[in-house]
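Hi everyone, thanks for making time this morning. Have a look at it first.

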Amino acid sequence: MKILILNGSPKQNSSTLVLTWEFMKGVNENNEHQIESVNIVEKKINYCQGCLSCWIRQDGHCAIQDDMNGLLDRMAESDMIVWSFPLYEYGVPGPLKTLLDRTNPFLKMRMYSDGKRFFHDTVVDLPKKKNVIICGCGFPYFEDNFASLKLQMQNIFLNPCLIFISEAGLAAFPSPELQEAKGRLFTALNRAGAEFNQTGAVSHCGSRCSPLICMSI
């Protein structure tokens, strides 16, 4: 399986990315997958101009000549995409939002409805890929920290695996007092990754009630 990790943090040494790699240890415990990681802030990705010429060409590419077309190709070729980023103003950081806006070439102009909402036909069906959202925040644990982000990610990806982690910054904090708590969190992420690799989902509170797991140091 081809796995693409998109680090949406403005920092290369992102605490959330540290936690993402713990999840990936479980996913790839048998070294069976091909994994690529991209730091979005290192790429030149301009804002979407809303020209919608991509909907006319329908070739999965954008008219803007920057690094995005290469990323679109990598996303199209991937079986699984891991979106790793910190919570910014209850949503995604700016560089990642720009990238999401620029996935418009994966859509066609024609729309249809399932009776509840409208969808575009697709050139590349991004929601059908295995999408894992791993987001960390600095707040103490409270599930509604991520309420608006959860809605946005579900609208974009329809049924992603959502892993939200409160107090994520402590995971990269070199304090002996935190080692035991960090160990428990890392173990939980390892197990979640192994479970996702086997079943395509993760458990929540010991039951398989939703593709959402909330954790905290």
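**Cavity, core and pocket**

Let's begin inside: the largest cavity has a volume of about 100 Å³. Before I go on, please keep in mind that this is a predicted model, where local features need pLDDT of at least 70, side-chain atom pairs count only at pLDDT 80 or more, and totals for chains, interfaces and linings use all residues. Residues are numbered from 1 along each chain as its sequence is written, and side-chain values use heavy atoms, with hydrogens and water left out.

For this audience, the cut-offs matter. The search runs on a 1 Å grid over the protein atoms alone: a cavity is a set of points where a 1.4 Å probe fits but cannot get out, while a pocket is an open set with protein on both sides within 12 Å along at least five of seven lines, and lining residues have an atom within 4 Å of a point. Grid points are joined across faces, edges and corners, and a volume is the space filled by probe spheres set on the points.

Now the open space. The largest pocket holds about 560 Å³. It is lined by 24 residues, and Leu107, His120, Pro127, Asn155 and Ile156 are the closest to its centre. Helix H4, strand E4 (107–113), strand E5 (118–122) and helix H5 each supply at least two lining residues, with E5 giving the most, 5 residues. Helices (H or I, at least four residues) and strands (E, at least two) are DSSP runs, numbered from the N terminus. By class, the pocket lining has 12 nonpolar, 6 polar and 6 charged residues.

E4 and E5 run antiparallel and are joined by 4 bridges; strands pair if DSSP finds at least two bridges between them. Ser113 has Phe118 in E5 as its bridge partner. There are 4 residues between the strands of this hairpin, and Gly115 takes a positive phi near 95°.

On to the packing. The largest nonpolar core has 29 residues, and those with the most contacts inside it are Leu6, Met75, Trp83, Phe85, Leu99, Leu149 and Met153. Such a core is a set of buried Ala, Val, Leu, Ile, Met, Phe, Trp, Tyr and Cys residues joined through side-chain atoms within 4.5 Å. Buried means under 20% relative accessible area, exposed over 50%, and partly exposed in between (1.4 Å probe, protein chains only). H3 provides the largest share of this core, 4 residues. A second, separate core of 22 residues includes Val27, Ile165, Ala192 and Val202.

What does Trp83 touch, leaving aside neighbours within four places in sequence? Its contacts (heavy atoms within 4.5 Å) include Leu6, Met75, Leu126 and Phe157. Trp83 also stands opposite Ile133 in E6, and E3 and E6 pair in the parallel sense over 7 bridges. On E6, 6 of the 7 residues are buried, so the strand is largely enclosed by the rest of the structure. E6 pairs with E7 too, in the parallel sense over 5 bridges, with Cys161 in E7 as the bridge partner of Val132.

Arg74 lies in helix H3 and is partly exposed at 28% relative accessibility. Arg74 touches Leu4, Glu36, Val38 and Lys43, not counting residues up to four places away in sequence. Its C-alpha atom is separated by 9.5 Å from that of Ile3, 71 residues apart along the chain.

If you check backbone angles, look at Gln58, a residue other than glycine with a positive phi near 55°. Gln58 sits in the loop between helix H2 (53–57) and H3. Leu158, also not a glycine, has a positive phi of about 70°, and lies in the loop between H5 and E7.

Conventions. Ala, Val, Leu, Ile, Met, Phe, Trp, Tyr, Cys and Pro count as nonpolar, Asp, Glu, Lys and Arg as charged, and the others, Gly among them, as polar.
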